[in-house]
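Please open the model in your viewer and keep the selection panel at hand. The stops below say what to select next and what is there.

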Amino acid sequence: MRSMTWMELLDSALGTVASSRMTEFYTTLRNGRRGARSWSCYDFFMRVGLFVTCLVDLMRPSIGFAALKLLEDAGCDVVVPSTQTCCGQPGWNSGDRDSARELAMKLIAEFEDCAHVVVPSGSCTGMIRVHFPEVFAGEPGMLARAERLGGRTYELTEFLTKVAHRPKVSAAFEGAVTYHDSCSGLRELGVKAQPRQLLAKMEGLELVEMEECETCCGFGGTFSIKYGDISAEIAERKCAHIAASGASAVVLGDLGCMLNIEGRLRKRGDAKTRVLHVAEVLAGER
């Protein structure tokens with residue numbers, strides 16, 4: 001019996017076809033917020049393409065809507081291509097290079113006319129900016145396209161602080177939160193100060209740093225599937241640090257890490273500590 005490919009595994013785990021068009025996020029956006037309007041990406045300097053990510057769309061669309069709100073509040077005209085699906089990261093990390101290349105080509109075609117591309121995920125941003133050039137190594141034409149797109153692709157908080165220069169955050173949050181630095185965002189993109197800078201502008205929010213805030217939570221994409229026992233032990237250590245911080249919520253920038261941490265918190269009997277995406281907190285949608 002042959003083993004499943006990463007795409008088949010994703011399909012079975014999420015109960016959907018990962019190669020299909022965006023589901024809840026885009027359908028709601030199209031029907032409820034934008035009507036039948038169509039866009040081109042390059043009409044205005046601050047018009048940006050929002051890459052929602054497949055995991056956000058399927059598991060927690062509220063993150064996508066929060067990102068959309070933040071970008072619109074920052075003065076951006078946001079484009080959400082309806083055909084977007086996956087950046088190809090699971091396949092690339094698992095050695096399925098053909099499917100990763102196919103999805104990378106698709107994403108480039110969907111977003112390459114945009115002035116900027118914004119992603120509410122450090123790992124997906126890292127795939128586009130850091131690994132797409134590796135995907136197309138030895139292909140001069142596609143490599144150039146990948147590098148051009150990567151040069152204007154940003155993680156959400158990175159974009160809000162570096163490009164949009166967001167002067168304030170209108171939402172408020174009552175209580176103490178602690179921040180987990182997801183591996184890809186921190187190590188591939190240098191996202192560290194940016195989310196903290198934005199959170200510090202929120203009325204009522206107290207940021208307390210946990211011990212080992214930069215240490216992995218054990219998710220690592222397919223790592224948590226292949227090495228479940230090791231992943232669980234790493235997550236347990238992370239959750240112990242969260243509990244010791246005394247914060248009522250842990251905030252972070254990657255949904256995969258959120259799912260891993262929240263699952264472990266609930267398994268260890270913690271039903272109170274909230275696990276929130278930084279976009280949800282900044283937008284006041286949590």
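Throughout this tour, buried means under 20% relative accessible area, exposed means over 50%, and partly exposed lies in between, computed with a 1.4 Å probe on protein chains only. This is a predicted model, in which local features need pLDDT of at least 70 and side-chain atom pairs count only at pLDDT 80 or more, whereas totals for chains, interfaces and linings use all residues. Residues are numbered from 1 along each chain as its sequence is written, and side-chain values use heavy atoms, with hydrogens and water left out.

Start by selecting threonine 53, which lies in the loop between β1 and α3 (54-59); helices (H or I, at least four residues) and strands (E, at least two) are DSSP runs numbered from the N terminus. Threonine 53 has a phi near 85°, a positive value in a residue other than glycine, and at 4% relative accessibility this threonine 53 counts as buried. For a second residue of this kind, go to glutamate 212, in the loop between β6 (203-207) and α12 (223-226), where phi is near 55°, again positive in a residue other than glycine. Glutamate 212 is partly exposed, with a relative accessible area of 26%.

Next, the sheet. Select the four strands that form an open sheet with parallel pairing in the order β2-β1-β3-β4, where two strands pair if DSSP finds at least two bridges between them. At the edges are β2 (77-79) and β4 (153-155), each of which pairs on one side only. Neighbouring strands of this sheet are turned by 35° against each other on average, direction ignored; axes here are lines fitted to C-alpha atoms, for helices over the stretch in contact, and angles run from 0 to 180 degrees between N-to-C directions. Zoom in on strand β3 (residues 116-119), which runs parallel to β4 and is joined to β4 by three bridges; valine 118 has tyrosine 154, in β4, as its bridge partner.

The 13 residues of α4 reach 18 Å from the first C-alpha to the last, close to the 18 Å expected at 1.5 Å a residue, the expected span being 1.5 Å times one less than the number of residues. Buried residues in α4 include Ile63, Phe65, Leu68 and Leu71, and the helix is followed by glycine 75, whose phi is positive, near 95°.

Which cysteine sulfur is closest to that of cysteine 87? It is the sulfur of cysteine 124, at 4.0 Å, which is too far for a bond, since a disulfide is a pair of cysteine sulfur atoms within 2.5 Å. The structure holds zero disulfides. Cysteine 87 is buried, with a relative accessible area of 2%, and cysteine 124 is buried at 11%.

Then select helix α13 (residues 228-245) and helix α14 (residues 255-267), whose axes come within 9 Å and cross at roughly 75°. The two helices, α13 and α14, are therefore roughly perpendicular to each other, a term for angles of 65 to 115 degrees, with those under 35 roughly parallel, those over 145 roughly antiparallel and the rest oblique. Among the residues making the contact are Ala235 and Cys239 of α13 and Ile261 and Leu265 of α14.

Finish at alanine 144, in helix α8 (residues 140-150), which at 27% relative accessibility counts as partly exposed.

Methods. Contact = heavy atoms within 4.5 Å.
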